[in-house]
Amino acid sequence: MNKNELQRLGAGLGALLLLLLPAGCGRKPAPEAGAARLIKVTVAQPEEREFRNALRVQGTIRATDRARVAARVAGTIEEVFVDEGAAVEAGRPLFQTDKANLESKVRIEQDNLKVAAASCAEAKAALAEARAVFAKAEADYGRFQRLYRDDKAVTLNALEQAETAFKRAEAGVLHARAVVDLAKAREAQAQSALEIADKQLADSQVAAPFKGTVTRQLIELGEYAAAGAAVFELENPARLEAVFVLSAEYYGRVETGRTRLRIARGAAPVEAPVTYKAPSVHPVTRTFEVRAALPDAGGFAPGMLCDVDVTLDEHRGWGLPTAALGLRGGQAVVFAVEEDRAVLTPVQPGPADNGYTELLDADALRGRSFVVEGQAFLNDGDRVRLD
């Protein structure tokens with residue numbers, strides 16, 4: 001056997017010996033079963049503080065003062081005095097409808113009033129004339145009565161004619177009075193018609209009912225607007241409110257002026273009381289509307305969505321930072337630290353508020369230390385080192 005063959009044979013025997021060696025020879029020994037890990041943690045004890053039991057819902061921001069400003073008098077939009085987005089004061093004119101026709105109507109009614117007044121004056125003159133005729137007939141009738149009764153100086157026929165003239169004069173006065181009353185009524189009617197025409201003319205120019213901003217124009221210049229048809233939408237962005245609905249189960253727990261709300265505005269929520277609670281629950285949705293006026297409208301705009309935390313109750317209790325709590329097997333747990341070991345401890349959590357969660361079973365937990373940082377890597381029984 002030559003030298004090369006001997007080398008190949010030696011290499012093969014060496015590989016065979018390696019395969020036959022016991023498994024694990026030359027490796028580091030495995031850690032003993034049950035050996036605990038050492039994990040760095042931060043601990044804290046339960047502390048007493050104020051807790052809010054709150055319900056979070058989504059709401060809408062809208063202007064407290066808002067209106068669809070409508071035409072009071074039907075007609076063509078002849079003038080528009082503002083543009084969309086314009087800020088207006090209360091009483092500022094917004095638009096004008098059918099001014100020329102309404103001014104003509106006012107002039108007609110003014111003429112009608114003059115005619116009615118002249119007719120009334122004529123009727124009063126006729127009444128004065130009728131009274132004069134009646135006075136003469138009454139005097140003649142009295143004289144004929146005395147002449148016929150005392151001296152028979154006149155005939156019975158003459159007395160009867162005087163009596164007839166007297167009665168006709170009396171009826172004439174009554175008729176003249178009726179004509180005067182009719183003329184007065186027509187004059188009053190004409191006066192009312194003029195006042196209505198004046199009112200319609202005044203109503204044809206519509207002004208802003210409150211200070212605000214014109215957000216939308218619904219009918220353009222030259223278009224026809226029916227009475228009651230909205231021409232502008234007006235809102236006051238300086239006075240806003242949050243509007244939302246709650247389930248009927250919370251109806252008895254919300255009180256106007258007392259229930260507090262936190263309305264989210266980024267990192268600085270606005271606190272406000274409930275200013276309106278619907279007097280009844282909607283029979284279909286089983287919800288009720290709640291409103292809250294915003295004390296500070298900065299950062300909000302009508303139409304925005306907002307998160308609203310409704311405070312159902314406030315009380316003192318014992319709690320831990322919310323980060324200390326976790327879930328294991330569907331159960332809320334914390335890790336207590338006892339003799340440098342992590343002890344898995346079930347807890348009963350209550351409401352969470354401002355980074356803390358109330359512990360409803362705090363009586364059994366007070367005075368003990370619990371992991372508030374590093375618990376994500378812990379298992380029951382792990383060795384811990386306090387930070």
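**Rings, cores and strands**

Biologist: Let's start with a charged side chain: over the face of which residue does Arg-291 lie, and how far from the ring centre?

Modeller: Arg-291 lies over the face of Tyr-276, at 4.0 Å from the ring centre. Please keep in mind that this is a predicted model.

Biologist: And what about Lys-277, which ring face does that one lie over?

Modeller: Lys-277 lies over the face of Tyr-251, and the distance from the ring centre is 3.8 Å.

Biologist: Let's move on to rings with rings. How many aromatic pairs are there?

Modeller: The count comes to 4 aromatic pairs. One of them is formed by Tyr-141 and Phe-166, which are stacked, with 5.4 Å from centre to centre and 20° between the planes.

Biologist: Which residues do ring pairs link into a cluster?

Modeller: Phe-134, Tyr-141 and Phe-166 are linked in this way.

Biologist: New topic, the nonpolar part. How many residues does the largest core have, and which have the most contacts inside it?

Modeller: The largest nonpolar core has 25 residues, and those with the most contacts inside it are Phe-244, Leu-246, Leu-261, Ile-263, Phe-300, Val-308 and Val-310. Several strands supply at least two residues each, among them strand 2 (47-63), strand 11, strand 12 and strand 16 (305-321).

Biologist: Pick Leu-261: what is in contact with it, apart from neighbours within four places in sequence?

Modeller: Its contacts include Phe-244, Val-270, Ala-292, Val-308 and Val-310, and also Glu-271 and Asp-309. There is a second, separate core as well, with 16 residues that include Val-82, Phe-95, Val-206 and Val-231.

Biologist: Which residue in strand 7 is the bridge partner of Phe-95?

Modeller: The partner is Val-206, and both of these residues belong to the second core. Strand 6 (residues 93-97) and strand 7 run antiparallel and are joined by 3 bridges.

Biologist: What sheet are those strands in, and which strands are at its edges?

Modeller: It is an open sheet of 4 strands in the order 7-6-4-9, with antiparallel pairing. The edge strands are strand 7 (205-207) and strand 9 (224-225), each of which pairs on one side only.

Biologist: Last one: how do strand 18 and strand 19 pair, and how many residues lie between them?

Modeller: Strand 18 (residues 331-338) and strand 19 (residues 341-346) pair in the antiparallel sense over 6 bridges, and in one of the bridges Val-333 has Pro-346 as its partner. Together the two strands form a hairpin with 2 residues between them, and Glu-339 in the turn has a positive phi of about 55°.

Conventions: Residues numbered from 1 in each chain as written. Predicted model: local features only at pLDDT ≥ 70, side-chain atom pairs only at ≥ 80, totals over all residues. Heavy atoms only, no water. Pairing = 2+ DSSP bridges. Phe/Tyr/Trp six-rings, centres within 6.5 Å; stacked < 30°, edge-to-face > 60°. Lys NZ or Arg CZ within 6 Å of the ring centre and 35° of its normal. Core = buried A, V, L, I, M, F, W, Y, C linked by side-chain atoms within 4.5 Å. Buried < 20%, exposed > 50% of the residue type's maximum accessible area, 1.4 Å probe, protein only. Contact = heavy atoms within 4.5 Å.
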